[in-house]
Amino acid sequence: MEASVILPILKKKLAFLSGGKDRRSGLILTIPLCLEQTNMDELSVTLDYLLSIPSEKCKARGFTVIVDGRKSQWNVVKTVVLMLQNVVPAEVSLVCVVKPDEFWDKKVTHFCFWKEKDRLGFEVILVSANKLTRYIEPCQLTEDFGGSLSYDHMDWLNKRLVFEKFTKESTSLLDELALINNGSDKGNQEKERSVDLNFLPSVDPETVLQTGHELLSELQQRRFNGSDGGVSWSPMDDELLAQPQVMKLLDSLREQYTRYQEVCRQRSKRTQLEEIQQKVMQVVNWLEGPGSEQLRAQWGIGDSIRASQALQQKHEEIESQHSEWFAVYVELNQQIAALLNAGDEEDLVELKSLQQQLSDVCYRQASQLEFRQNLLQAALEFHGVAQDLSQQLDGLLGMLCVDVAPADGASIQQTLKLLEEKLKSVDVGLQGLREKGQGLLDQISNQASWAYGKDVTIENKENVDHIQGVMEDMQLRKQRCEDMVDVRRLKMLQMVQLFKCEEDAAQAVEWLSELLDALLKTHIRLGDDAQETKVLLEKHRKFVDVAQSTYDYGRQLLQATVVLCQSLRCTSRSSGDTLPRLNRVWKQFTIASEERVHRLEMAIAFHSNTEKILQDCPEEPEAINDEEQFDEIEAVGKSLLDRLTVPVVYPDGTEQYFGSPSDMASTAEHIRDRMKLVSLKRQQLRHPEMMTTES
């Protein structure tokens, strides 16, 4: 039984030989039981393996078995002890059952092993861990039982695996080397020698020898240092360490390997020339046969990137196969050159002929592989450019198929710029595709030069038609996209104009609102005399003309937006917002302007009549003696004063005053002063004597 076969079981450490010995020099076998249920089958296998290691002489001294039951139950311990009767009854001399500090129930442990000594074949004692030294020296106990013996189970297991592997490999290798060496000694006939030439050791002798030396060094080191306590595994004895067996195997291996090396040198000398001749013909026959057939079968370039990559991968496989033969060619060429330089070969002419034939075939085949690789690379680049261009055209078409719904003119300009850039990129891509396609066509036209006499016209026509078809298809797609871009460009320019009209219309509303605000806040004076008031009226009319132009400009812009929206088949925002605002502001401005005109006209009438009364000469009393004229002036003045206190009322019911209250008060005060002068003039005309007295 080998450790490698039951390695998982041995790793569980169900039992182990620590290297310790009892007072009778018998080996100590330890069975550490744990809290988990112990698999008895696995324990039995472990014990069988461990008991197969010591020699018969060592086994004759008997074993002391330590069953560590401190972490287990009584029934498990009992089962293990009884199992020892069936596994190793003859070799076991003493079984020490290490009991826990708190002993098992007396009823459970009523079974007395000492009464069963005759039936079991060995003595069983129950002992505490601290009293185990009564039977075994502390230096022979591991640390688990309070001893000083160091033991590393995994280290022991690893070394055991190395020993068994070395023993198996070295024994097999010795048989093989003996067979080879003996066959070579007897092989004077050609038949026997040919058999020996094909037979080689299954393992590397150098590796096996190195492993053996390392193992022997390790065993010798542990033998001398095991008692120092500085190593993890203490040796048991020479039988257990197997040092003599390793040394014997190494001596036999070195002897057989030396003979084997001499046999190999003789073989190499005999067969070198034959091998060169055979390998040269193998290379030539393969390159001119299967190698050439592989190239003849490869003529297509694929219709896509994936197809070209598949062909390229196939070609790389072909190149890989050729590379193996080219490597053989390089090696053979060096060997032939060495033989030619040595000058000890009889048939130098044949060697030179073989060398020339080999070189010609290899160089011709290498150039054909390179040409095919370049052609496939050019096809891959062509299809790559075609795919990129197709994706660009798809992206451009997708952009053209999506309806434009930008938020403002700036975003439209940005979109239009992006559209132009994509179209320019498509132009560059198409030009690149044409260049790649033409280069590929030029390479295909040269394909017949290495076709080995095969007619590749049909195959080339298919490749040429495919390349030209791809370029024509891309040209047609690009033309369709250009036509759609022209339509989209016109639409987007109209949308830019639409947004511009809407922005300008909104600006016209703002301007008109500012004119209205200026009319109400700054156009408040009525003039100090008739001449000034007429000037103010004329300025107001010009002001109204400016407002009228602004309103008309806004109306024209909104009409233009309606036309553009109809052309673009979209809804203008101005029709629901800007136009009502424009009409509302214009209506307010018109009402305020008319009020301003009424006040100025009344002020002109008031100032004109007042000035006429106040400037008439006293020599013509009949001209100014008309009471009705004074009454009219007074009525106009009062009406004007009343009008100054009345706000401008808009259609929506809101009110707005001209200027501030202080401005209106100043204007009213001036009118009242003028009315006082007229009243005084009227009194003077009624009572001339007052004028005389005053004179």
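View 1. Helices (H or I, at least four residues) and strands (E, at least two) are DSSP runs, numbered from the N terminus. The model is predicted: local features need pLDDT of at least 70 and side-chain atom pairs count only at pLDDT 80 or more, while totals for chains, interfaces and linings use all residues. Residues are numbered from 1 along each chain as its sequence is written, and side-chain values use heavy atoms, with hydrogens and water left out. Strand 4 runs parallel to strand 3 (residues 63–68), and six bridges join the two. One of the residue pairs here is V65 with its bridge partner V95 in strand 4. Strand 4 also runs parallel to strand 5 (residues 123–127), with five bridges between them. C96 stands opposite I125 in strand 5, and L94 has E123 of strand 5 as its bridge partner.

View 2. Five strands form an open sheet in the order 1-2-3-4-5, with mixed pairing; two strands pair if DSSP finds at least two bridges between them. Strand 1 (16–21) and strand 5 are the edge strands, each pairing on one side only. From one strand to the next, the twist averages 25°. Helix 2 (residues 40–51) packs on the sheet and touches strand 1, strand 2 (27–32) and strand 3, its direction making about 165° with that of strand 2. Helix 4 (residues 74–87) lies across strand 2, strand 3, strand 4 and strand 5, and runs at about 175° to strand 4. Axes are lines fitted to C-alpha atoms, for helices over the stretch in contact, and angles run from 0 to 180 degrees between N-to-C directions.

**View 3. The salt bridge between K12 and E42.** The side chains of K12 and E42 meet in a salt bridge at 2.9 Å, N to O. K12 lies in the loop between helix 1 (7–11) and strand 1, and E42 in helix 2, so the pair ties together parts that are 30 residues apart in sequence. A salt bridge is a side-chain nitrogen of Lys or Arg within 4 Å of a carboxyl oxygen of Asp or Glu. K12 counts as partly exposed at 47% relative accessibility, whereas E42, at 19%, counts as buried.

View 4. In the D22 and R24 salt bridge, the closest N and O atoms are 3.8 Å apart. D22 is buried at 8% relative accessibility, and R24 is partly exposed at 47%. D68 and R70 form a salt bridge with their closest N and O atoms 2.9 Å apart. D68 is buried at 10% relative accessibility; R70 is partly exposed at 31%.

**View 5. R674 in helix 18.** R674 is placed in helix 18 (residues 661–686). This residue is buried yet has no salt bridge, and the nearest side chain of opposite charge, E611, is 4.1 Å away. Lys and Arg count as positive and Asp and Glu as negative, while His and the chain ends are not counted. Leaving aside neighbours within four places in sequence, R674 is in contact (heavy atoms within 4.5 Å) with D528, F606, H607, T610, E611 and L614.

How values were computed
Buried < 20%, exposed > 50% of the residue type's maximum accessible area, 1.4 Å probe, protein only.
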